[in-house]
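User: I am new to this structure and would like to be walked through it carefully, one question at a time.

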Amino acid sequence: MNEDLRQKAIALEMYNQQLQMIQSELASIRTLKLEIEKSIKTLENINVDSETLIPVGPGVFLKAKIVDDKALVGVKSDIYMEKSFNEVVEDLKKSIEDLNKAEKEGMKKVEELAKVISELRKELQESIQKSQEKSTENNKT
């Protein structure tokens, strides 16, 4: 395999790895968005002085009574801040907006990489075909 073909094959592999990494990041963003949306729905439907179930592990819940409309929100490692449910919902909605922007940017990168990969594959296939044709011609003579 000549040097040009080898370099194109290496570049193609690198672009494919980048594409997979971005797609993985997009999947994580979508999962996080779903979790945040669930949190928003939960907070919007909680009533003060009502009983609810609090998850503490896989398939384990505690009965709890909501005594006020406050939640503790993690701001740093082991540092929490008390906020009203409405404030938390607004913060979560802003997080979703940020994630939507990141997702949009990621999708744009995916499209750009897909084009580059497609063009590179085409070039690689053409180069391989030309190389094979040259080899066939050389064998005939």
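This is a predicted model: local features need pLDDT of at least 70, side-chain atom pairs count only at pLDDT 80 or more; totals for chains, interfaces and linings use all residues.

User: How far does helix α1 reach from its first C-alpha to its last?

Analyst: Helix α1 covers residues 3-45, which makes 43 residues. At 1.5 Å a residue the expected reach is 63 Å, and the helix comes close to that value, for from its first C-alpha to its last it reaches 63 Å.

User: Which element gives the most residues to the largest nonpolar core?

Analyst: The largest nonpolar core has 12 residues, including Ile29, Ile36, Val88 and Leu92. The elements that give two or more residues to this core are α1 and α2. With 6 residues, the element that gives the most is α2.

User: Which residues does Ile36 touch, leaving out those up to four places away in sequence?

Analyst: Ile36 is among the buried residues of α1, and what covers the buried residues of this helix includes α2, residues 85-140. Counting heavy atoms within 4.5 Å as contact, and leaving out residues up to four places away in sequence, Ile36 touches Leu92, Ser95, Ile96 and Leu99.

User: Which element supplies the largest share of the lining of the largest pocket?

Analyst: The largest pocket has a volume of about 230 Å³, and its lining has 7 nonpolar, 3 polar and 2 charged residues. Both α1 and β1 (51-57) supply at least two residues of that lining. The largest share, 4 residues, comes from β1.

Key. Residues are numbered from 1 along each chain as its sequence is written. Side-chain values use heavy atoms; hydrogens and water are left out. The expected span of a helix is 1.5 Å times one less than its number of residues. Buried means under 20% relative accessible area, exposed over 50%, partly exposed in between (1.4 Å probe, protein chains only). A nonpolar core is a set of buried Ala, Val, Leu, Ile, Met, Phe, Trp, Tyr and Cys residues joined through side-chain atoms within 4.5 Å. On a 1 Å grid over the protein atoms alone, a cavity is a set of points where a 1.4 Å probe fits but cannot get out, and a pocket is an open set with protein on both sides within 12 Å along at least five of seven lines; lining residues have an atom within 4 Å of a point. Grid points are joined across faces, edges and corners, and a volume is the space filled by probe spheres set on the points. Ala, Val, Leu, Ile, Met, Phe, Trp, Tyr, Cys and Pro count as nonpolar, Asp, Glu, Lys and Arg as charged, and the others, Gly among them, as polar.
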